[in-house]
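Let's walk through this model together, one stretch at a time. Keep the 3D view open as you read.

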Amino acid sequence: MTRSNPSLPPVTVVTPADFALPNNGLLARGQRNLVDSWLAENGFVVFRGFDIGSDRDFDDFVATFNLPNFPYGDSFSNAVRTNRTERVFTANEAPSEIEIFLHHEMAQTLTFPTRLFFYCERAADEGGATPICRSDRALASLKREQPAFIERLAALGVCYRSAMPFEADKASGQGRSWRDTLGVATEQAAEQRLNALGYRYRWLDNQLLSVQTPPLPAMTQAPDGVAVFFNQIVAAGAGWRKRTGDEQPRLSYGDGSPIEEHHLAAAIDICYRHTIDIEWQDNDVALLDNYKVMHGRRPFKGRRSVLASLCAPVTRTPFVVDTKTSGMASGMASGMENGMESGPA
Ligand SMILES: [Fe+2]
(Lines give C-alpha, C1' and ligand atoms only; values in the text may rest on other atoms or scores of the structure.)
Protein backbone atom coordinates (compact mmCIF):
# COMPACT_ATOMS: atom_id res chain seq x y z
CA MET A 1 0.00 0.00 0.00
CA THR A 2 1.37 3.35 -1.01
CA ARG A 3 1.43 6.03 1.65
CA SER A 4 1.47 9.40 -0.01
CA ASN A 5 1.41 11.24 3.29
CA PRO A 6 3.91 10.02 5.87
CA SER A 7 2.37 12.17 8.61
CA LEU A 8 -0.70 9.92 8.62
CA PRO A 9 -0.88 6.52 10.31
CA PRO A 10 -0.16 3.51 8.09
CA VAL A 11 -3.01 2.05 6.11
CA THR A 12 -4.37 -1.19 7.49
CA VAL A 13 -4.26 -3.84 4.76
CA VAL A 14 -5.92 -7.08 5.77
CA THR A 15 -5.17 -10.37 4.00
CA PRO A 16 -6.68 -13.87 4.30
CA ALA A 17 -3.77 -14.76 6.56
CA ASP A 18 -5.17 -12.57 9.32
CA PHE A 19 -8.89 -12.48 8.57
CA ALA A 20 -10.90 -15.57 7.58
CA LEU A 21 -14.17 -14.98 5.75
CA PRO A 22 -17.10 -17.20 6.69
CA ASN A 23 -17.93 -19.80 4.05
CA ASN A 24 -21.61 -19.04 4.09
CA GLY A 25 -23.15 -16.57 6.44
CA LEU A 26 -22.10 -13.76 8.68
CA LEU A 27 -18.93 -12.56 10.30
CA ALA A 28 -18.52 -13.65 13.90
CA ARG A 29 -18.90 -11.01 16.58
CA GLY A 30 -15.17 -11.03 17.25
CA GLN A 31 -14.46 -10.36 13.57
CA ARG A 32 -16.90 -7.45 13.46
CA ASN A 33 -15.29 -6.01 16.57
CA LEU A 34 -11.89 -6.34 14.93
CA VAL A 35 -13.07 -4.49 11.82
CA ASP A 36 -14.65 -1.81 14.00
CA SER A 37 -11.35 -1.35 15.82
CA TRP A 38 -9.55 -0.80 12.49
CA LEU A 39 -12.17 1.74 11.46
CA ALA A 40 -11.93 3.49 14.82
CA GLU A 41 -8.18 3.79 14.39
CA ASN A 42 -7.88 4.88 10.75
CA GLY A 43 -11.40 5.40 9.41
CA PHE A 44 -10.92 2.79 6.69
CA VAL A 45 -9.40 -0.60 5.97
CA VAL A 46 -8.36 -2.41 2.78
CA PHE A 47 -9.01 -6.13 2.24
CA ARG A 48 -6.50 -7.57 -0.23
CA GLY A 49 -5.95 -11.03 -1.65
CA PHE A 50 -9.39 -12.40 -0.89
CA ASP A 51 -11.27 -14.54 -3.40
CA ILE A 52 -13.55 -11.71 -4.58
CA GLY A 53 -13.55 -11.84 -8.37
CA SER A 54 -16.91 -10.41 -9.45
CA ASP A 55 -19.74 -8.08 -8.50
CA ARG A 56 -21.59 -11.12 -7.09
CA ASP A 57 -18.63 -12.04 -4.92
CA PHE A 58 -18.46 -8.45 -3.74
CA ASP A 59 -22.17 -8.54 -2.88
CA ASP A 60 -21.58 -11.73 -0.88
CA PHE A 61 -18.64 -10.12 0.93
CA VAL A 62 -20.72 -7.09 1.92
CA ALA A 63 -23.54 -9.36 3.06
CA THR A 64 -21.29 -11.01 5.65
CA PHE A 65 -21.26 -7.70 7.57
CA ASN A 66 -25.05 -7.85 8.00
CA LEU A 67 -25.51 -4.09 7.64
CA PRO A 68 -28.72 -2.48 6.35
CA ASN A 69 -28.44 -1.76 2.62
CA PHE A 70 -28.85 1.80 1.28
CA PRO A 71 -30.02 1.32 -2.32
CA TYR A 72 -28.79 3.85 -4.85
CA GLY A 73 -32.39 4.31 -6.01
CA ASP A 74 -33.38 5.56 -2.55
CA SER A 75 -30.53 8.04 -2.33
CA PHE A 76 -30.22 11.69 -3.32
CA SER A 77 -26.79 11.02 -4.79
CA ASN A 78 -26.09 13.33 -7.73
CA ALA A 79 -23.77 10.84 -9.45
CA VAL A 80 -24.73 8.67 -12.40
CA ARG A 81 -24.41 5.02 -11.38
CA THR A 82 -25.66 1.66 -12.65
CA ASN A 83 -26.86 -1.16 -10.43
CA ARG A 84 -25.10 -4.52 -10.83
CA THR A 85 -26.85 -6.37 -8.04
CA GLU A 86 -29.41 -5.25 -5.49
CA ARG A 87 -26.60 -4.11 -3.21
CA VAL A 88 -23.81 -3.25 -5.66
CA PHE A 89 -23.55 -0.47 -8.22
CA THR A 90 -20.92 1.32 -10.25
CA ALA A 91 -19.08 4.15 -8.56
CA ASN A 92 -19.42 7.60 -10.13
CA GLU A 93 -19.32 7.09 -13.93
CA ALA A 94 -17.86 10.52 -14.69
CA PRO A 95 -15.22 10.50 -17.49
CA SER A 96 -11.72 9.41 -16.52
CA GLU A 97 -10.11 12.84 -16.85
CA ILE A 98 -12.48 14.35 -14.28
CA GLU A 99 -11.25 14.53 -10.71
CA ILE A 100 -13.88 13.87 -8.07
CA PHE A 101 -12.83 15.93 -5.10
CA LEU A 102 -12.96 14.91 -1.46
CA HIS A 103 -16.37 14.48 0.13
CA HIS A 104 -18.29 12.57 2.74
CA GLU A 105 -20.72 10.44 0.78
CA MET A 106 -24.08 12.21 0.41
CA ALA A 107 -23.25 14.79 3.07
CA GLN A 108 -25.11 17.27 0.85
CA THR A 109 -28.35 15.37 1.50
CA LEU A 110 -30.53 14.61 4.48
CA THR A 111 -29.93 10.84 4.36
CA PHE A 112 -26.46 9.39 4.03
CA PRO A 113 -24.73 6.02 4.46
CA THR A 114 -22.43 5.53 7.43
CA ARG A 115 -20.47 2.61 5.93
CA LEU A 116 -19.10 2.49 2.36
CA PHE A 117 -17.63 -0.50 0.58
CA PHE A 118 -15.61 -0.05 -2.64
CA TYR A 119 -14.48 -2.94 -4.81
CA CYS A 120 -11.78 -2.68 -7.47
CA GLU A 121 -13.11 -4.76 -10.34
CA ARG A 122 -10.33 -3.48 -12.58
CA ALA A 123 -7.49 -1.13 -11.66
CA ALA A 124 -6.61 1.77 -13.95
CA ASP A 125 -3.55 1.62 -16.19
CA GLU A 126 -2.42 4.87 -14.62
CA GLY A 127 -3.85 6.99 -11.80
CA GLY A 128 -7.33 6.31 -10.49
CA ALA A 129 -6.42 6.12 -6.81
CA THR A 130 -9.06 6.79 -4.20
CA PRO A 131 -7.81 9.60 -1.95
CA ILE A 132 -8.86 9.24 1.68
CA CYS A 133 -8.94 12.26 3.98
CA ARG A 134 -8.95 12.06 7.77
CA SER A 135 -11.82 14.43 8.39
CA ASP A 136 -11.15 14.82 12.11
CA ARG A 137 -7.59 15.95 11.46
CA ALA A 138 -8.67 18.25 8.65
CA LEU A 139 -11.20 19.91 10.95
CA ALA A 140 -8.62 20.33 13.72
CA SER A 141 -6.29 22.06 11.24
CA LEU A 142 -9.10 24.24 9.92
CA LYS A 143 -9.98 25.33 13.46
CA ARG A 144 -6.38 26.36 14.03
CA GLU A 145 -5.74 27.99 10.66
CA GLN A 146 -9.18 29.31 9.65
CA PRO A 147 -11.06 29.91 12.92
CA ALA A 148 -13.37 32.60 11.52
CA PHE A 149 -14.47 30.30 8.70
CA ILE A 150 -15.21 27.41 11.06
CA GLU A 151 -17.10 29.66 13.48
CA ARG A 152 -19.26 30.97 10.66
CA LEU A 153 -19.94 27.47 9.35
CA ALA A 154 -20.84 26.31 12.85
CA ALA A 155 -23.33 29.13 13.26
CA LEU A 156 -24.85 29.12 9.78
CA GLY A 157 -24.40 25.68 8.24
CA VAL A 158 -24.10 25.32 4.50
CA CYS A 159 -26.41 25.15 1.47
CA TYR A 160 -25.58 23.32 -1.77
CA ARG A 161 -26.87 24.21 -5.19
CA SER A 162 -26.92 21.85 -8.13
CA ALA A 163 -28.70 21.51 -11.46
CA MET A 164 -30.28 18.21 -12.41
CA PRO A 165 -30.85 17.44 -16.10
CA PHE A 166 -33.91 15.77 -17.58
CA GLU A 167 -31.75 12.98 -19.02
CA ALA A 168 -28.71 11.58 -17.20
CA ASP A 169 -25.52 13.40 -18.18
CA LYS A 170 -22.66 10.93 -18.07
CA ALA A 171 -20.14 13.65 -18.93
CA SER A 172 -20.66 15.16 -15.49
CA GLY A 173 -19.73 13.94 -12.03
CA GLN A 174 -23.10 15.32 -10.89
CA GLY A 175 -25.17 14.29 -13.90
CA ARG A 176 -27.98 12.21 -12.40
CA SER A 177 -31.36 13.20 -13.82
CA TRP A 178 -33.99 14.81 -11.61
CA ARG A 179 -36.44 12.05 -12.47
CA ASP A 180 -34.04 9.42 -11.19
CA THR A 181 -32.76 11.44 -8.23
CA LEU A 182 -36.23 12.30 -6.99
CA GLY A 183 -37.88 9.06 -8.12
CA VAL A 184 -40.58 10.91 -10.04
CA ALA A 185 -41.86 11.12 -13.62
CA THR A 186 -43.36 14.61 -13.80
CA GLU A 187 -42.39 18.16 -12.96
CA GLN A 188 -45.32 18.43 -10.58
CA ALA A 189 -44.23 15.35 -8.67
CA ALA A 190 -40.68 16.69 -8.53
CA GLU A 191 -41.91 19.93 -6.99
CA GLN A 192 -43.97 18.06 -4.41
CA ARG A 193 -40.99 15.99 -3.39
CA LEU A 194 -38.70 19.01 -3.12
CA ASN A 195 -41.25 20.97 -1.13
CA ALA A 196 -41.62 18.09 1.32
CA LEU A 197 -37.84 17.99 1.80
CA GLY A 198 -37.41 21.74 2.27
CA TYR A 199 -35.46 22.29 -0.96
CA ARG A 200 -35.74 25.42 -3.07
CA TYR A 201 -35.89 24.96 -6.81
CA ARG A 202 -36.13 26.70 -10.14
CA TRP A 203 -36.85 25.37 -13.61
CA LEU A 204 -34.40 26.34 -16.34
CA ASP A 205 -34.42 25.78 -20.10
CA ASN A 206 -34.59 22.21 -21.39
CA GLN A 207 -36.23 20.97 -18.19
CA LEU A 208 -33.03 21.54 -16.24
CA LEU A 209 -33.92 21.74 -12.56
CA SER A 210 -31.80 23.94 -10.29
CA VAL A 211 -32.17 23.02 -6.64
CA GLN A 212 -30.82 24.37 -3.39
CA THR A 213 -30.74 22.28 -0.25
CA PRO A 214 -32.07 23.55 3.05
CA PRO A 215 -29.26 24.59 5.41
CA LEU A 216 -27.29 21.52 6.48
CA PRO A 217 -24.67 21.13 9.18
CA ALA A 218 -21.11 21.61 7.93
CA MET A 219 -19.65 19.69 10.83
CA THR A 220 -20.85 16.93 13.06
CA GLN A 221 -19.73 14.48 15.69
CA ALA A 222 -19.08 10.90 14.72
CA PRO A 223 -20.86 8.40 17.00
CA ASP A 224 -17.66 8.09 19.08
CA GLY A 225 -17.73 11.85 19.76
CA VAL A 226 -14.96 12.87 17.38
CA ALA A 227 -15.67 16.16 15.56
CA VAL A 228 -15.46 15.86 11.76
CA PHE A 229 -15.71 18.21 8.77
CA PHE A 230 -18.77 16.35 7.52
CA ASN A 231 -19.85 18.06 4.33
CA GLN A 232 -19.27 18.28 0.57
CA ILE A 233 -17.66 21.72 0.64
CA VAL A 234 -14.40 20.60 -0.99
CA ALA A 235 -16.14 18.60 -3.73
CA ALA A 236 -18.68 21.29 -4.50
CA GLY A 237 -16.24 24.19 -4.20
CA ALA A 238 -13.55 22.57 -6.33
CA GLY A 239 -15.49 20.41 -8.72
CA TRP A 240 -19.21 21.03 -9.12
CA ARG A 241 -19.70 22.91 -12.35
CA LYS A 242 -22.28 25.53 -13.07
CA ARG A 243 -24.65 25.21 -16.00
CA THR A 244 -25.96 27.76 -18.43
CA GLY A 245 -28.68 29.76 -16.73
CA ASP A 246 -27.58 28.58 -13.31
CA GLU A 247 -24.57 30.75 -12.60
CA GLN A 248 -24.73 31.22 -8.84
CA PRO A 249 -22.06 29.62 -6.65
CA ARG A 250 -22.60 25.96 -5.80
CA LEU A 251 -22.16 26.75 -2.11
CA SER A 252 -23.38 29.32 0.35
CA TYR A 253 -23.65 29.63 4.09
CA GLY A 254 -27.03 28.58 5.45
CA ASP A 255 -28.30 32.16 5.44
CA GLY A 256 -27.57 32.46 1.71
CA SER A 257 -24.45 34.59 2.08
CA PRO A 258 -21.49 33.57 -0.10
CA ILE A 259 -18.58 31.52 1.18
CA GLU A 260 -15.40 33.50 0.60
CA GLU A 261 -13.07 32.13 -2.09
CA HIS A 262 -10.02 32.21 0.18
CA HIS A 263 -11.85 30.12 2.75
CA LEU A 264 -12.81 27.59 0.12
CA ALA A 265 -9.23 27.45 -1.14
CA ALA A 266 -7.97 26.92 2.41
CA ALA A 267 -10.47 24.10 3.04
CA ILE A 268 -9.41 22.35 -0.16
CA ASP A 269 -5.73 22.72 0.65
CA ILE A 270 -6.05 21.56 4.25
CA CYS A 271 -8.22 18.54 3.47
CA TYR A 272 -5.79 17.32 0.80
CA ARG A 273 -2.97 17.79 3.30
CA HIS A 274 -4.58 15.10 5.45
CA THR A 275 -5.08 12.69 2.57
CA ILE A 276 -3.48 9.42 1.54
CA ASP A 277 -4.27 7.41 -1.57
CA ILE A 278 -5.58 3.90 -1.94
CA GLU A 279 -3.62 2.63 -4.94
CA TRP A 280 -5.98 -0.05 -6.13
CA GLN A 281 -5.05 -3.58 -7.04
CA ASP A 282 -7.57 -5.84 -8.80
CA ASN A 283 -10.09 -7.42 -6.39
CA ASP A 284 -9.26 -5.11 -3.47
CA VAL A 285 -12.14 -4.11 -1.22
CA ALA A 286 -12.02 -0.99 0.96
CA LEU A 287 -14.41 -0.36 3.84
CA LEU A 288 -14.81 3.27 4.93
CA ASP A 289 -16.42 4.87 7.95
CA ASN A 290 -18.23 7.70 6.18
CA TYR A 291 -18.20 9.78 9.36
CA LYS A 292 -14.45 9.58 9.80
CA VAL A 293 -13.02 9.89 6.30
CA MET A 294 -13.75 11.68 3.06
CA HIS A 295 -12.97 10.09 -0.28
CA GLY A 296 -12.65 11.12 -3.92
CA ARG A 297 -11.30 9.83 -7.22
CA ARG A 298 -8.06 10.76 -8.93
CA PRO A 299 -8.15 11.07 -12.74
CA PHE A 300 -6.96 7.99 -14.57
CA LYS A 301 -6.06 6.30 -17.83
CA GLY A 302 -7.39 2.91 -18.83
CA ARG A 303 -10.62 1.07 -18.09
CA ARG A 304 -10.79 1.44 -14.32
CA SER A 305 -13.87 -0.08 -12.72
CA VAL A 306 -14.66 0.43 -9.07
CA LEU A 307 -17.99 -0.73 -7.64
CA ALA A 308 -19.67 0.53 -4.50
CA SER A 309 -22.08 -0.66 -1.88
CA LEU A 310 -23.50 1.78 0.65
CA CYS A 311 -24.79 0.66 4.02
CA ALA A 312 -26.34 1.68 7.31
CA PRO A 313 -28.03 4.96 6.32
CA VAL A 314 -29.05 7.61 8.82
CA THR A 315 -31.36 10.58 8.34
CA ARG A 316 -30.96 14.00 9.89
CA THR A 317 -33.05 17.14 10.00
CA PRO A 318 -32.07 20.44 8.35
CA PHE A 319 -29.74 22.76 10.21
CA VAL A 320 -31.20 25.59 12.28
CA VAL A 321 -29.35 28.77 11.37
CA ASP A 322 -28.15 30.98 14.21
CA THR A 323 -30.14 34.09 13.28
CA LYS A 324 -28.11 36.27 15.64
CA THR A 325 -25.05 35.51 13.55
CA SER A 326 -26.76 35.71 10.20
CA GLY A 327 -28.84 38.79 10.94
CA MET A 328 -31.80 37.22 9.17
CA ALA A 329 -35.30 36.80 10.53
CA SER A 330 -35.72 33.37 8.99
CA GLY A 331 -33.56 30.28 9.15
CA MET A 332 -34.05 29.59 5.45
CA ALA A 333 -31.87 31.12 2.80
CA SER A 334 -33.67 33.87 0.96
CA GLY A 335 -35.21 32.88 -2.36
CA MET A 336 -34.75 36.36 -3.78
CA GLU A 337 -31.08 36.51 -2.94
CA ASN A 338 -30.48 33.05 -4.26
CA GLY A 339 -32.40 33.38 -7.48
CA MET A 340 -34.88 30.72 -6.49
CA GLU A 341 -38.45 31.27 -7.60
CA SER A 342 -40.18 28.45 -5.80
CA GLY A 343 -39.92 26.58 -2.59
CA PRO A 344 -41.32 26.29 0.87
CA ALA A 345 -41.84 29.28 3.08
FE1 LIG B 1 -18.45 9.34 -3.25
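**A walk from a loop to the cores**

Leu21 touches Phe50 and Thr64, leaving out residues up to four places away in sequence; two residues are in contact if their C-beta atoms, placed from the backbone, lie within 7 Å. This is a predicted model, in which local features need pLDDT of at least 70 and side-chain atom pairs count only at pLDDT 80 or more, while totals for chains, interfaces and linings use all residues. Residues are numbered from 1 along each chain as its sequence is written.

Leu21 sits in the loop between β1 (13-14) and α1 (29-42). Helices (H or I, at least four residues) and strands (E, at least two) are DSSP runs, numbered from the N terminus. Leu21 counts as partly exposed because it has 16 C-beta neighbours inside 10 Å; a residue is buried if 20 or more other C-beta atoms, placed from the backbone, lie within 10 Å of its own, exposed if 12 or fewer, and partly exposed in between.

Now look at the largest nonpolar core. A nonpolar core is a set of buried Ala, Val, Leu, Ile, Met, Phe, Trp, Tyr and Cys residues joined through C-beta atoms within 7 Å. Of the 73 residues in this one, Phe118, Tyr119, Val158 and Val285 touch the most other members. Strand β5 (residues 111-122) contributes the most, with six residues. Beyond its neighbours within four places in sequence, Val285 is in contact with several residues, including Phe47, Ile52 and Phe117. There is also a second, separate core of 10 residues, with Ala163, Ala190, Leu194 and Val211 among them.

What pairs with β10 in the antiparallel sense over four bridges? Strand β8 (residues 158-164) does, with Met164 bridging to Leu209. Strand β9 (residues 200-203) also runs antiparallel to β10, joined by four bridges, and Tyr201 has Val211 as its partner there. Strands pair if DSSP finds at least two bridges between them. In the hairpin of β9 and β10, Asn206 takes a positive phi near 60 degrees.

Finally, turn to helix α4 (residues 147-156), where Phe149, Arg152, Leu153 and Leu156 are buried. Seen down the helix axis, these buried residues fall within an arc of 100 degrees, so they line one face of α4; the arc is that of the directions from the axis to the C-beta atoms. On the other side, Pro147 and Glu151 are exposed.
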